[in-house]
Every structure is written in C-alpha cells, then in structure tokens.
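This report describes one protein chain, shown below.

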Amino acid sequence: MSAEQEGIGARIESLFGGNDFLMVVAAMAFIYACFLAVTIAIGLNTVGTVNTLRNVTFFVAAYAMLVLALNLHWGYTGLFNIGVAGFMAVGVYTMGILTAPPGGTPPGLGLPLWVGIIGGMLGAAIVGGIAALPALRLEADYLAIVTVAFSEIIRLAVNSNTLQEFTIL
C-alpha cells in the first residue's frame, strides 16, 4: 500500500474509533444516500425506490452472513470449506418452506418470519453437523472433499423433480 492509502485508512479509523460496526453502518448509510439522491434526480417513484432498497438490504445481509461463514472457516481455522453455499441453500429453502403461504406457489406452512429464520438456522446447522461427522478425523484437504460432496448432494436434491412438491402428514 502507498503512504497516501495508509493515511486515508488511518483517518477513517480515527474517525470511527476503530469500531467496525460504525464503519459498516456509515458505509450503508452513504450507499443509501447516494442511491436516494440518484433516484430523486432522475425522478423515479418512491415505492420502487423503497422496494429496491429493501431488496438490496436483504442481499447485503445474506451475503454478509456468507462472508462471515467463509471468514470463520478459512480465515480463522485455515480449513478450506467448499460446502458453505450448500449449507446456505438448506437454510434458505427451510426458511422459505416455513414462511411461504399455505396455498401459494410453492406451498409453505405460513409461519411468521422469525420462526422461518430460526428454522433455517437450525436446518443449516443440522446439515452442517451431519457433514462434519465424517470429516472429524480427516485432514484439511479431505474436509474440502466432504463439504463439496454434501454441497453437490444438496444441489441435486434441490433440482430433483421428486422434491418439487411436498406434503406434511
């Protein structure tokens, strides 16, 4: 890094006191403000703007969780885990099944969102635990093989015609 870049980083860190949470909130507020300024300048309607900001916030939160999971696996432990996308898919599909309306397409259980979020976390944790059992005594390279195998099993199960419809009881 150049001396100028290090100076900018030091100024940003001194501005927020080294608090990462405040830096993330300030970055998101800046992005929202820029987006709102552009939409007002080109004359877009308010409903579409709020809807777009809601979608952007959802995707930022979802990918932030994915990045945190990857940072935990690869950054802190040094283990290469390829199956994070599969575990994320299990959580998302579980949440979707729990929160979708009963008569909708696809059908769901119509439970509240907080129940779906907790159910998605539990579903992903259970599948992650099952994937970890055969890999407990393996070396680091074999963890990558086991997790990519589980991720592929999940992908094939999601794309299977057999699992496109489900009934409870």
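## Overall fold

The protein chain has six helices and zero strands, and along the sequence the pattern reads α-α-α-α-α-α. Helices (H or I, at least four residues) and strands (E, at least two) are DSSP runs, numbered from the N terminus.

This is a predicted model, in which local features need pLDDT of at least 70 and side-chain atom pairs count only at pLDDT 80 or more, while totals for chains, interfaces and linings use all residues. Residues are numbered from 1 along each chain as its sequence is written, and side-chain values use heavy atoms, with hydrogens and water left out.

## Surface and contacts

Of the 169 residues in the protein chain, 18% are buried (under 20% relative accessible area with a 1.4 Å probe, protein chains only). The chain exposes about 12,300 Å², and carbon and sulfur atoms supply 72% of that area, computed by the Shrake-Rupley method with a 1.4 Å probe.

Contact means heavy atoms within 4.5 Å. Among the contacts with a separation of 6 or more, 40% are between residues 24 or more positions apart.

## Individual helices

Helix α2 (residues 20-42) has 23 residues and should span 33 Å at 1.5 Å a residue; its end C-alpha atoms are 33 Å apart, which agrees. The expected span is 1.5 Å times one less than the number of residues. Just after α2, G43 takes a positive phi of about 80 degrees.

Helix α4 has 16 residues and reaches 23 Å from its first C-alpha to its last, close to the expected 22 Å. Its buried residues are V84, G86, F87, V90, G91 and L98.

T147 lies in helix α6 and is buried, with a relative accessible area of 4%. Apart from neighbours within four places in sequence, T147 is in contact with F80, N81, I82 and G83.

## The largest pocket

The largest pocket holds about 1,000 Å³ of space. Of its 36 lining residues, M65, A69, F87, M88 and A124 are the closest to its centre. On a 1 Å grid over the protein atoms alone, a pocket is an open set of points where a 1.4 Å probe fits, with protein on both sides within 12 Å along at least five of seven lines; lining residues have an atom within 4 Å of a point.

Helices α3 (46-76), α4 (84-99), α5 (113-135) and α6 (140-159) each supply at least two lining residues. The most come from α5, with eleven. By type, the lining has 27 nonpolar residues, eight polar and one charged. Here Ala, Val, Leu, Ile, Met, Phe, Trp, Tyr, Cys and Pro count as nonpolar, Asp, Glu, Lys and Arg as charged, and the others, Gly among them, as polar.

Terms used. Grid points are joined across faces, edges and corners, and a volume is the space filled by probe spheres set on the points. Buried means under 20% relative accessible area, exposed over 50%, partly exposed in between (1.4 Å probe, protein chains only).
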